[in-house]
Amino acid sequence: MRQNPLAISGALLLASMPGAMAPQEAKAQENNGDKRLNIIHIMTDDHSFQAISAYGHPLSRQAPTPNLDRLANEGIRFDRAYVENSLSTPSRACLMTGLYSHQSGQRTLEGLIDTTVTFVPELLRKAGYQTALMGKWHMLCEPRGFDQYYILNGQGEYYTPVFKSDHSNGEYIPEEGYVTDLITDHAIKFLEERDKDKPFCLYVHHKAPHRNWIPDVKYVDLYEDVVFPLPETFHDDYAGKGEAERVQRMRIDEDMSMIYDLKVSELDEEPSRSKHTFGMLEMGLSRMDSTTRAKWEAAYGPRNEAFLRSDLKGEELLEWKYQRYIRDYLRCIRSVDDSVGEILEYLDSHGLADNTIVVYTSDQGFYMGEHGWFDKRFMYEESYRTPLIIRYPGGKAGKVSEALVQNLDFAPTYLDVAGVQALPQMSGRSLLPVIKKGGKEPCRWRKYLYYHYYDIPSEHNVLKHDGVSDKRYKLIHFYGGEEGDYSEFYDIKKDPNELSNLYGDKRYRRKIARLQKQLDKFRTELAIDEY
Ligand code: SGN
Ligand code: CA
């Protein structure tokens, strides 16, 4: 069972003794007079902005995230934060290196990062920071630049996950409990035991709510009575779109597995075109201890029986799938929100809130049924955009930023916090000037972002594409399909759901030409070698 990490901590025992140092006194000595801020980067896997209530999406209104909302109320919510490649491993490589996918070498999920690139924590450590990463690492290379780490194996498991640490001699060791709680415990334990003479940079990387969305059993009943609203584009017929929409395999109706994803373990055969099997669901569930498993069965067993008896078809079946998917996903989010609460609480009670910058983000966006989809990968808003909330000590609170920012900016931001110069090959920009202006764009801020997705052949069959966006328009170029290359153009302001492809529309001729010019410029300046 999960132990309260503080209960076993010597420091806490000490703090509870008469005459022990109060948090305020501890604060005065924090980091031995080093004025540089501590950094906490919390990055959740596949957390959509639609599922954070501070973002105000209809979905999250019925499944609020109070701790993330607190962070947004005390900091800046970024509404135009994007990734440069909407997939886990490339996004993590970008965070670690500050490089675009083609520069780090990590273009696809299974690709290998260039072993010669520098990792930000290596630079931070050299500059006197204590560095740690807890949770999902997901790259094939070993962690570099960390004083401490506890990393999951690949995607990681929800229950009894195995962790490899800086002191486990390369071995993965199982830990009892639910993954989100265990990662939080490792993070708190690091904070508790860290070298208090140094500033720290701690990356907390949650595995949840990644597919197949297995919640903590304490939340299996949460939202069971809530009927979540369908997104406006749930029944999109992809009119006016190209080959990519026709060949993708990320549809809730056809590609979501009844067994693995939707947990109907009573089925003998998989009725969707998914390759997932009963064995693959069981692999996850069998990691629960017997009490936990019994609670799981007690909740899902009767629900599944009722579902099978009702013999739903067509639209009713599709809506049932959507509700089961969204409920499980949001249950996973609840645990993540709890984790954020625990970390903020720790900072408060240990005098660290005033000298620690807290960043909350995801490795990309995620589809919550928009266009009939789950997963990510596309340059369309739901997957291209990522949530980003930053609380800066003494900074403006409750602000919303419209500045165009990208995951390339984390590296230069953290180096800036530490007073270290960014490397010349990093294209991102420090966000500190934006933060210090309460989210407003400083002068000469960037006007365009570049995006590139490469991961095909792969499970969801999303065609390769690159593109450019500004605050209003987006030009996407799909290539490598069987029907030849083609482009799409969207006016995000008039058409936030990206339903009307305006490419070739004469009324937009000049705007399309302007974005095409920017795209060409990016390709040349960044030495893009395929498109
Ligand atoms: C796994 C999932 C995919 C998902 C990728 C990438 N399949 O392969 O659905 O797109 O991860 O996700 S599963 O059968 O293993 O669940 S990412 O967040 O790591 O990029
Ligand atoms: Ca992810």
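1. Before anything else, a word on labels: helices (H or I, at least four residues) and strands (E, at least two) are DSSP runs, numbered from the N terminus. With that settled, Pro209 sits in the loop between strand S8 (200–206) and helix H9 (243–247).

2. The protein has an average pLDDT of 94, and 95% of the residues score at least 70. Among its elements, strand S13 (residues 449–453) has the highest mean pLDDT, at 99. Helix H1 (residues 10–15) has the lowest, at 35. Across residues 4–26 the pLDDT is below 50, and this stretch has 17 contacts in the model beyond near neighbours in sequence. A caution for anyone looking at such a region: where pLDDT is low, the predicted coordinates should not be read in detail.

3. Back to backbone geometry. The loop between S8 and H9 also holds Tyr223. Tyr223 is not a glycine, yet it has a positive phi of about 65 degrees. Elsewhere, the Ile456 to Pro457 peptide bond is cis, again with omega near 0 degrees. Pro457 belongs to the loop between S13 and strand S14 (464–469).

4. On to the domains. The assignment gives domain 1 as 217–232 + 242–323 and domain 2 as 450–525. Their C-alpha centres are 33 Å apart. The contact between them involves 11 residues from domain 1 and 13 residues from domain 2.

5. How much area do the two domains bury between them? The figure is about 930 Å², with carbon and sulfur atoms giving 45% of it. On the domain 1 side, Glu243, Ala244 and Arg249 supply 48% of the area buried against domain 2, more than any other three residues.

6. For electrostatics at that interface, the rule finds 1 salt bridge across domain 1 and domain 2. Arg246 and Glu483 form a salt bridge, with their closest N and O atoms 2.5 Å apart. Sorted by class, the side of domain 1 that touches domain 2 is made up of 5 charged, 3 polar and 3 nonpolar residues.

7. Over the protein, the salt-bridge count comes to 48. One to look at is Arg80 with Glu402, where the closest N and O atoms are 3.9 Å apart; since the cut-off is 4 Å, the pair counts as a salt bridge. Which parts does this pair tie together? Arg80 is in the loop between strand S2 (76–78) and strand S3 (81–82), while Glu402 is in the loop between strand S11 (399–401) and strand S12 (405–406), so the pair links parts that are 322 residues apart in sequence. As background, side chains of opposite charge can pair when their charged atoms come close.

Methods:
Residues are numbered from 1 along each chain as its sequence is written. Chains are lettered from A and ligands numbered from 1 in the order in which they are written. This is a predicted model: local features need pLDDT of at least 70, side-chain atom pairs count only at pLDDT 80 or more; totals for chains, interfaces and linings use all residues. Side-chain values use heavy atoms; hydrogens and water are left out. pLDDT is the predictor's confidence in each residue, from 0 to 100. Contact means heavy atoms within 4.5 Å. Domain bounds come from an automatic or database domain assignment. Buried area is the accessible area (1.4 Å probe) that two parts lose on being put together, summed over both. A salt bridge is a side-chain nitrogen of Lys or Arg within 4 Å of a carboxyl oxygen of Asp or Glu. Ala, Val, Leu, Ile, Met, Phe, Trp, Tyr, Cys and Pro count as nonpolar, Asp, Glu, Lys and Arg as charged, and the others, Gly among them, as polar.
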